[in-house]
Amino acid sequence: TSEKDLFNILAQDAIDYNNPVCVVNNVSRLPIECRAGIVAKVANSFSNEDDYWVQFKANYGVINQARENNPASGYWEEIPEPQGKRHLNPNNMPHLLMYGRKDGQTIMVVAPAAWKSRDCGTEDFNPSFENYNINQLVFYMNRLVALSQENVIMSRPGELLNFFPVSALAVSPKDPIDISATTDYSSVLQDAIVINNGLVVFSNFQQFQLHTDSDVLDPTTAKITEISRYDYNINSRPINLGTNIGFMGGSSTKSRFYEMSNIFREGPVDVMERSKIVSKSIAPNLNLIADAKDTGLFIAGSSGSDLLWCYRYFKES
């Protein structure tokens, strides 16, 4: 027929009459009437990255099996790739520590979280920590941030348990952010701390800053840049020294305590070794960190030792 709207021919991709999957080269090739529940793959090009799946939903809904098998008018709704891995295992993911009261007593409950599942696209949209350890979790810009391998993975804004995109058709400001800090070093990210204009991320031998030059932090505006190269003690944690950042470094022979300042979006930062006056005697592998903001005090120690190293700081001028 010369009337294109009368019918379309869908190519068969999988011989499964209970759940047929058909293939079209363009979304315009999808018919306006179809059997409810049929699944179609839209292959826009030879690349798999822009492929997505849709399912036909009848306008009348599913009333009974006999009527469902009859062609009807309706709409196509985006769905995840059939038989693709789209769930995060809650037993292997970080757990929640929740506060509550029962029978007049305060209780603390540790339990798996209700992590969201992927509802569009392929397994390429799964977070990069899927097969690796999560080294640290922090909060930044209303997002939950996970550090894994060389990647900074951020959840949807306001949806802290959702690491999957809104749609496979286009990039949305609500989409998660998955960005890599790749250099000529092995940069396995270990910890992070929030500052006023970004997120400072620490690896064993480098420090990075994740920030944006736009008013909105989203997958198209986020960027991560290297700001310094100092040894970082992965068994410690960075702390806020008022307006600056302090962190432990050093080797197996002695420890060092650094202070980082002037952390701007552009230009080099300043890193000063505050432990230099005791550099010949400070103990190695200090892994117990404490700090008090009201007194400006930083304390470092190590397991099995009764010796503490203290640093007092204050803001001048």
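Me: Which residue does Glu130 meet in a salt bridge?
Reply: The model is a predicted one. In it, the side chain of Glu130 meets that of Lys85, with an N to O distance of 3.4 Å.

Me: Where in the chain do Glu130 and Lys85 lie?
Reply: Glu130 is in the loop between strand 8 and strand 9. Lys85 is in the loop between strand 6 (71–79) and strand 7, and the two residues are 45 apart, so the pair links distant parts of the chain.

Me: Buried or exposed, or something in between, for Glu130?
Reply: Glu130 is partly exposed, at a relative accessible area of 27%. Lys85 is also partly exposed, with 42%.

Me: How many salt bridges does the count come to?
Reply: The count is 11. One of them joins Lys223 to Asp213, whose closest N and O atoms are 2.5 Å apart. Lys223 belongs to strand 16 and Asp213 to the loop between strand 15 and strand 16, so this pair ties together parts 10 residues apart in sequence. Lys223 has a relative accessible area of 33% and is partly exposed; Asp213, at 47%, is partly exposed as well.

Me: What does Lys293 form a salt bridge with?
Reply: Its partner is Asp291, with 2.3 Å between the closest N and O atoms. Asp291 counts as partly exposed, at 23% relative accessibility.

Me: What is the strand order in the open sheet of four strands?
Reply: The order is 9-10-11-12, and the pairing is antiparallel. Strand 9 (136–140) and strand 12 (177–180) are at the edges; each has a single partner strand, so one side of each lacks a neighbour in the sheet. From one strand to the next, the twist averages 20°.

Me: How many bridges pair strand 11 with strand 12?
Reply: Strand 11 (residues 151–154) pairs with strand 12 over four bridges, in the antiparallel sense. Within this pairing, Val152 has Ile179 of strand 12 as its bridge partner.

Me: And what joins strand 7 to strand 8?
Reply: Eight bridges join strand 7 (residues 95–102) and strand 8 (residues 105–112), and the two run antiparallel. Lys102 stands opposite Gln105 in strand 8. Two residues lie between the strands of this hairpin, and Asp103 takes a positive phi near 55° there.

Me: What does Leu199 touch, leaving out residues up to four places away in sequence?
Reply: Leu199 touches Val138, Tyr140, Val145, Ala192, Ile193, Val194, Phe208, Gln209 and Leu210.

Me: What share of the residues count as buried?
Reply: Of the 317 residues in the chain, 40% count as buried. The chain exposes about 18300 Å², and carbon and sulfur atoms supply 50% of that area.

Key: Residues are numbered from 1 along each chain as its sequence is written. This is a predicted model: local features need pLDDT of at least 70, side-chain atom pairs count only at pLDDT 80 or more; totals for chains, interfaces and linings use all residues. Side-chain values use heavy atoms; hydrogens and water are left out. Two strands pair if DSSP finds at least two bridges between them. Axes are lines fitted to C-alpha atoms, for helices over the stretch in contact, and angles run from 0 to 180 degrees between N-to-C directions. Contact means heavy atoms within 4.5 Å. Buried means under 20% relative accessible area, exposed over 50%, partly exposed in between (1.4 Å probe, protein chains only). Accessible areas come from the Shrake-Rupley method with a 1.4 Å probe; for residues, only the protein chains shown count as cover. A salt bridge is a side-chain nitrogen of Lys or Arg within 4 Å of a carboxyl oxygen of Asp or Glu.
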